[in-house]
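Reader: I'm new to this one and would like a close look at a single part of it. Could you take your time and then show how that part sits among the rest?

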2 protein chains.
Amino acid sequence: MVTKKNILFIMLDQLRADALSCYGNSLVDTPHIDRLATRGVKFSRCYIQGTSCGNSRASYYTGRHVRSHGASWNGWATRTDELTLADHLGACGLNTYLMGKTHMKPDLAGMDRLGIEPQSELGRFISNAGFSQGERDDGLHTVGSGGGYGGVEPAYFDYLRRQGYHASNPWAQYANAMEDEAGVLRNGMFLKHGHLPARVDKIHSETAYTTDRAIDMISQMGADSWCLHVSYIKPHWPLAAPAPYHQMYRGMDLPKVNKCAAEKQNPHPLYHAFMQQTHSKTYAQDSRRDHALPTYYGLVKEIDDNLGRLFESLDKCGESDNTLIVLSSDHGDYFGDHWLGEKDLFHDPVTRVPLIVMDPTPAADGSRGTTCDELVCAIDLVPTLVEWAGGTPQWQWLEGQSLVPILHGPSPKNAATNTQLIRPYVVAECDYSAMDFASELGRNSYNSRMTMLFDGRYKYIHCLGFSPMLYDLQEDPQERVDLGRDQDYSVVRSQLTEQMVDWSAGLKNRVTGSESMAEQRKGKSDQQGILIGYWQSNDVPQALQIEPEVPT
Amino acid sequence: MVTKKNILFIMLDQLRADALSCYGNSLVDTPHIDRLATRGVKFSRCYIQGTSCGNSRASYYTGRHVRSHGASWNGWATRTDELTLADHLGACGLNTYLMGKTHMKPDLAGMDRLGIEPQSELGRFISNAGFSQGERDDGLHTVGSGGGYGGVEPAYFDYLRRQGYHASNPWAQYANAMEDEAGVLRNGMFLKHGHLPARVDKIHSETAYTTDRAIDMISQMGADSWCLHVSYIKPHWPLAAPAPYHQMYRGMDLPKVNKCAAEKQNPHPLYHAFMQQTHSKTYAQDSRRDHALPTYYGLVKEIDDNLGRLFESLDKCGESDNTLIVLSSDHGDYFGDHWLGEKDLFHDPVTRVPLIVMDPTPAADGSRGTTCDELVCAIDLVPTLVEWAGGTPQWQWLEGQSLVPILHGPSPKNAATNTQLIRPYVVAECDYSAMDFASELGRNSYNSRMTMLFDGRYKYIHCLGFSPMLYDLQEDPQERVDLGRDQDYSVVRSQLTEQMVDWSAGLKNRVTGSESMAEQRKGKSDQQGILIGYWQSNDVPQALQIEPEVPT
């Protein structure tokens, strides 16, 4: 009997690691995620590669740094010929399915040049990170003065209507809307209404719907191995949670915000610019942060409850013993830390995300319930999943490392000092050219770039056109002191700069052929008569001593 | 009357700048190239981006650094979706033709994934840098014990046979073969025979054939503007020149080789490895270098003579006043300098190439006959040609700068100190993973990388996994002293390392959309209802204050 090798790849959107009880939250209880951690390996230092949704996800899906896949900001496509998770797992024989968000965009110009119709099967495959089966729903079906944000009407609209939520846009009018104390309908985009319940029953929320559909898909999978990417839209805003989640954590003692007045004194110009963003100004006000955070926590709790249902369904289908489960997030959320809202910069609340990998096979029994403190990152997932599924990672593309050795080896808890780091640093990037302040600071589409290199102690942030930022997480674990312009750290900065040069020189650009193709070529040219710089035929092996034939 | 805008882009292969009289050679007289320089602008400091044929040409054709186009070594394809010179000029309305070498390879895996048949029109377009019209001939139709090097039989074979050179491979048996003093046929690949004439009349050599065919093509161009890429295979080896070129410079005083004993003392490990290559060992022997160089010079002279014919034909067709002419080379040749043969490393004999641009329009009258000492490079050609042809460079791809302002502005001779540099540095790269010594030095397919940054004074070479190399061309214009490990230069090295980080962060990776697309998107999301981090609807402009409608 051939054992199936399934993969359930669960992504949450904008989830801070510390919003989970297994990552230290004392308020939010996430027993189903926690149980996954006790069955698998919990990574305490997983860093993302891009600091917003689209670029981070493109790194998860391609296994490549943002600098390599090029989708450096939301709304920018990865290249037409970029391989994705679905390509890589498809090559291992897995059927790949999607339920939820990918944030991938079609490369229309690239497809046009290559004669590929965007709505063709190939076009849809390319446009959606290779997930051509399943159901895509990126959420954010907002209504605006200039039209809505989403594209085609999602199946969720029709679902809601069938449940009795009749509206032209039931997402905006029910699932992410509230009725206030005066009976006025309120847009869930505005944080003030976060204490009110969303206008859907919790069994009809986006989270519940995503879970229901994922359960349906799992129940209908055939005999082949599969990968299902369940990609929740929440706890990303709108911060609209259905009852009882909207009030579950209201009035409780929230974790203290991490900020201090010194951070606002002579800040780095880019940090300053981000602090001036609307969302930062909102979340910098404690009262507003404290109003919004309980809703966010409620949305996390809602997902955990739904994951309980999802895992139960996997059990019922008899697939639990065949299914590796990954849970991660595309990035975190500042929630007022460092006087910031949202994401985009590089402090740990944004760049360090939860990563739990549960390998059901006996090979992983030794690592169950352990915490791995190695520096790992989003781009490690593709090679991990390919190796686990029995394939050979296509290293000419992949820039991460397989975590299978960690899953299959004993990984002592909290033993960062005892284990050998599998990589010397992790790298994340931000392209802020879409921000209004970019042009005010004299930057353009091509040079609004920041690159973080974190070596486990120092977090060095190269800011093209500006001085760097630098945090020493050993001395300053709260990341409150920017040493980027401190003379005492010039040697440290030089060393980190050298590492960044090394990093960029080692990126995978020669993607058009494999390692084995390179090996096959070695030494071939001699045999093809390419004899470079030899003086005479006696200087080459006899077999290569070919002189022109005398014509007959 | 609409004026035609034609481009004649002439590339020589492995031509050292100093092999031309207009670049200072006192032995070789190249009057036709020199006259081009007096009619146009001669660039004294043009640097290539890749140090061997394939990668350098891919940079010429894509307008992008090797790190961006990824074809880091001969035989590796650029990506299927990489735009080329022909794409860029085609978008300007020019018909693009090729005569000669491109060294481009098809991205078979990429095309397969996208359902593109390599032999289809689109497949051939992609496989050949977009040059789907004209005639490709990469030369090097060698015979080997393991089969030949070239692919399909070139039209040149048939041409030679029609001229009476009957053979299964008339390239190997005539055009690049010699008959020695004993009447034995000799393979032109072996340098020893370079003093003998190639077995073709000079009117039937590869150079003459390439010229004839280019003249034919020009005479048959229609009324539309065109770009013809005339890409000579010579003076690249085999060093087989037809009479009288084989002996034209024999017995004369050759330029002195540039090397000294100190270079061999404690050399950088990679420099050491290159010195151990067969071709380096051969050319390090003065007698052998001095035997081969006259043949090389003869091949250069032969091309100059043929360019005289080509330019004359342009006159006869009445196209000279409509045709911008570019002449350059993909890289140079060490010819024993620094104890090295061939190319691949970064000394000026390899990385600094001739570049002459002759713009026939009156706008360029002020610059005719001038020498421009700015740092320019191969990737500047695409934006230059696009701008000259009246198009808008697609800056989301292009990493060079347009030279049109130099062509159209007064450019004082030898005035490097008086003019403002248009760029602070140039960058070139080498991927030496195909070399046998790579694995001996513990390097693999992905980390055998060297990157040169030259700022006009310092030539800094980052060697992934090794200490850097550093030359100070102000104090050491002959590049004989490697300061890469000299403690006195640690500050200089740090500054150059920072520039290299800046360079890599500024590369163009977000290629899937234009600058104008980025501008159009700015501020759009607000209007689509994406209102991030606002507290209440009063905080946004009235037009954006959209609350959910009450369902009717």
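In which loop of chain B is Leu140(B) found?

Author: Happy to go through it, and please keep in mind that this is a predicted model. Leu140(B) is found in the loop of chain B between β4 (133-136) and α7 (155-162). The backbone there does something worth a look: Leu140(B) has a positive phi of about 50 degrees, although it is not a glycine. Leu140(B) also counts as buried, because 23 C-beta neighbours lie inside 10 Å, and the cut-off for that is 20 or more.

Chain B has another residue of this kind. Gln14(B) is not a glycine either, and its phi is positive too, near 65 degrees. You can find Gln14(B) in the loop between β1 (6-12) and α1 (31-39) of chain B. With 24 C-beta neighbours inside 10 Å, Gln14(B) is buried as well.

Chain A has a cis bond between Lys234(A) and Pro235(A), where omega is about 5 degrees, and Pro235(A) sits in the loop between β7 and α10 of chain A. That loop of chain A is also the place of Lys264(A). Lys264(A) is partly exposed, since it has 14 other C-beta atoms within 10 Å. Follow the chain from Lys264(A) to His338(A) and you cover 74 residues, yet their C-alpha atoms are 8.8 Å apart in space.

Now for the inside. In soluble globular proteins, nonpolar side chains tend to be buried together. Here the largest nonpolar core has 303 residues, and the members that touch the most others are Leu228(A), Leu453(A), Leu228(B) and Leu453(B). Apart from that core lies another one of 10 residues, including Leu114(A), Ile126(A), Met111(B) and Leu114(B). If you zoom in on Leu453(A) and skip its neighbours within four places in sequence, its contacts are Tyr425(A), Val427(A), Tyr460(A), Leu496(A), Gln499(A), Met500(A) and Trp503(A).

Next, the place where the two chains meet. Here 95 residues of chain A are in contact with 95 residues of chain B. Among the elements of chain A that each supply at least two residues to this side are α5 (108-113), α8 (170-175), β12 (449-454) and α18 (515-521). The largest share comes from α17(A), with 8 residues.

So let's look at that helix. Helix α17 (residues 490-505) of chain A packs against helix α17 (residues 490-505) of chain B at an angle of about 45 degrees, and their axes are 9 Å apart. That angle is why α17(A) counts as oblique to α17(B). The crossing of α17(A) past α17(B) is left-handed. On the chain A helix, the residues that meet the other helix include Ser494(A), Thr497(A), Met500(A) and Ser504(A); on the chain B helix, they include Ser494(B), Glu498(B) and Val501(B). You have already met Met500(A), one of the contacts of Leu453(A).

Last, step back to chain A. Its domain assignment gives domain 1 (6-152 + 200-423) and domain 2 (515-544). The centres of domain 1 and domain 2 of chain A, taken over C-alpha atoms, are 49 Å apart.

Note on methods
Residues are numbered from 1 along each chain as its sequence is written. Chains are lettered from A and ligands numbered from 1 in the order in which they are written. This is a predicted model: local features need pLDDT of at least 70, side-chain atom pairs count only at pLDDT 80 or more; totals for chains, interfaces and linings use all residues. A nonpolar core is a set of buried Ala, Val, Leu, Ile, Met, Phe, Trp, Tyr and Cys residues joined through C-beta atoms within 7 Å. A residue is buried if 20 or more other C-beta atoms lie within 10 Å of its own, exposed if 12 or fewer, and partly exposed in between; C-beta atoms are placed from the backbone. Two residues are in contact if their C-beta atoms, placed from the backbone, lie within 7 Å. Domain bounds come from an automatic or database domain assignment. Axes are lines fitted to C-alpha atoms, for helices over the stretch in contact, and angles run from 0 to 180 degrees between N-to-C directions. Helices (H or I, at least four residues) and strands (E, at least two) are DSSP runs, numbered from the N terminus. Angles under 35 degrees count as roughly parallel, over 145 as roughly antiparallel, 65 to 115 as roughly perpendicular and the rest as oblique. A crossing is left-handed if the near helix is turned anticlockwise from the far one by less than a right angle, and right-handed if clockwise.
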